[in-house]
Amino acid sequence: MLGRAGIITLHHGNQQQQVRGMATLKAISLRLKSVKNIQKITQSMKMVSAAKYSRAERDLKQARPIGIGAKTFYEKAEVSAPTEKPEKLIVAVTSDRGLCGAVHTQVARQIRTEIAESPESTRVICIGDKSRAILQRLFGKNIILVANEVGRKPPTFLDAAKIAQEAGKFDFTFGKIIYNRFKSVVSYATSELPPFSQSAVAAAPKLSVYDSLDNDVIQSYMEFSTAALLFYALKEGACSEQSSRMTAMDNASKNAGEMIDKLTLTFNRTRQAVITRELIEIISGAAALE
């Protein structure tokens, strides 16, 4: 009886090892299948981002002269912000979508630095939910306007004009449009554009370089230049976002491939160990019966 009890106890322990081995195989198999599905998703997103990036780059080449021309006007007229009671307006150019690296985080980080310098006299307009989500926790009282549904479709001049029209309702002396300037497929730089108020432009020292400028002309041009700068920043940001997302999805696909190789190797080793243990049990059982 003791011998049989010992055999039964030993056999029961081997069953637990088998169940544990099978559970491990099943868990590895499920994890392997999950990672393969993730790799398919990231590869699909990379292809979609590549197509959108090509279009965004073509649109950016057409929009650059508009933004550079508006920026040159401020530089040649030497427009500067007034020193007495400056009211600063910051426009954060991001989008509603993520999975594109640190594109939105870098814009929000620079805006946090700007707000920390003068929190009471700084107002923020967030283009895209990503910048609002990052800034709202610490600087929610500084946010005066949020533009949603950004990034789903390519930005247009009408979108920039609507934002510029809403921004014109707020009283500010100078501002900064903080955006990501596209440099290449794998690099971008966080930059800023300088929109000013009508009073700041009228007080520019070299405004006389331009002929026939009265208040109505300055006001009309200020409305157009603000929309032009926003349109240019939106195009730069969209191109940077798509290129960054394409790079991020490519890296994610490579990481998933490496994980698939490691899980496949682990699965094969575990399966071989289970088979070897079962063979040992069969041989041991046959030897015990002899």
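Biologist: How do the side chains of R132 and D129 meet?
Modeller: They meet in a salt bridge, 3.4 Å from N to O. By salt bridge I mean a side-chain nitrogen of Lys or Arg within 4 Å of a carboxyl oxygen of Asp or Glu. Before we go on, this is a predicted model: local features need pLDDT of at least 70, side-chain atom pairs count only at pLDDT 80 or more, and totals for chains, interfaces and linings use all residues. Residues are numbered from 1 along each chain as its sequence is written, and side-chain values use heavy atoms, with hydrogens and water left out.

Biologist: OK, and where do R132 and D129 lie?
Modeller: Both are in helix α3 (residues 129–139), three residues apart, which is about one turn of the helix. Helices (H or I, at least four residues) and strands (E, at least two) are DSSP runs, numbered from the N terminus.

Biologist: How many salt bridges does the structure hold?
Modeller: There are 13. One of them joins K176 to E114, with the closest N and O atoms 2.9 Å apart. K176 lies in strand β4 (residues 174–184) and E114 in helix α2 (residues 103–117), so this pair ties together parts that are 62 residues apart in sequence.

Biologist: And is K176 buried or exposed?
Modeller: K176 counts as buried because its relative accessibility is 18%. E114 counts as buried too, at 8%.

Biologist: What else does K176 meet in a salt bridge?
Modeller: E192, at 3.7 Å from N to O. That pair links distant parts of the chain, with E192 in strand β5 (residues 187–193) and K176 in strand β4, 16 residues apart. E192 is partly exposed, at 33%. Put together, K88, E114, K176 and E192 are linked in a network of salt bridges.

Biologist: Switching topic: which residues have the most contacts inside the largest nonpolar core?
Modeller: Y74, V79, V93, I127, I177, V201 and L230, in a core of 43 residues. A nonpolar core here is a set of buried Ala, Val, Leu, Ile, Met, Phe, Trp, Tyr and Cys residues joined through side-chain atoms within 4.5 Å.

Biologist: Which element gives the most to this core?
Modeller: Helix α6, with 12 residues. Other elements that each supply at least two residues include α1 (2–77), β1 (88–93) and β2 (122–127).

Biologist: What does Y74 touch?
Modeller: Not counting residues up to four places away in sequence, Y74 touches V79, P194, P195, F196, V201, M222, S225 and L229. Contact means heavy atoms within 4.5 Å. There's also a second, separate core of 12 residues, which includes I90, C126, F139 and I143.

Biologist: How is the chain divided into domains?
Modeller: Domain 1 is 25–42 + 248–283, and domain 2 is 54–202 + 211–244. Those bounds come from an automatic or database domain assignment. Taken over C-alpha atoms, the two centres are separated by 47 Å.

Biologist: What about R245, buried or exposed?
Modeller: R245 counts as buried, at 7% relative accessibility. This residue lies in helix α6, and its side chain makes a polar contact with the side chain of E241 at 2.8 Å. A polar contact is a pair of N or O atoms within 3.5 Å; within protein, one must be able to donate a hydrogen and the other to accept it, and residues adjacent in sequence count only if both atoms are side-chain atoms. Beyond four places in sequence, R245 touches M45, S49, R97, G98, L99 and C100.

Biologist: And what does the side chain of T247 reach?
Modeller: The backbone oxygen of S243, at 3.0 Å. T247 lies in helix α6 too, and is partly exposed at 26%.

Biologist: Last one: where does pLDDT stay under 50?
Modeller: Over residues 1–21, for which the model has eight contacts beyond four places in sequence. pLDDT is the predictor's confidence in each residue, from 0 to 100. The chain averages 85, and 91% of the residues score at least 70.

Note on methods. Buried < 20%, exposed > 50% of the residue type's maximum accessible area, 1.4 Å probe, protein only.
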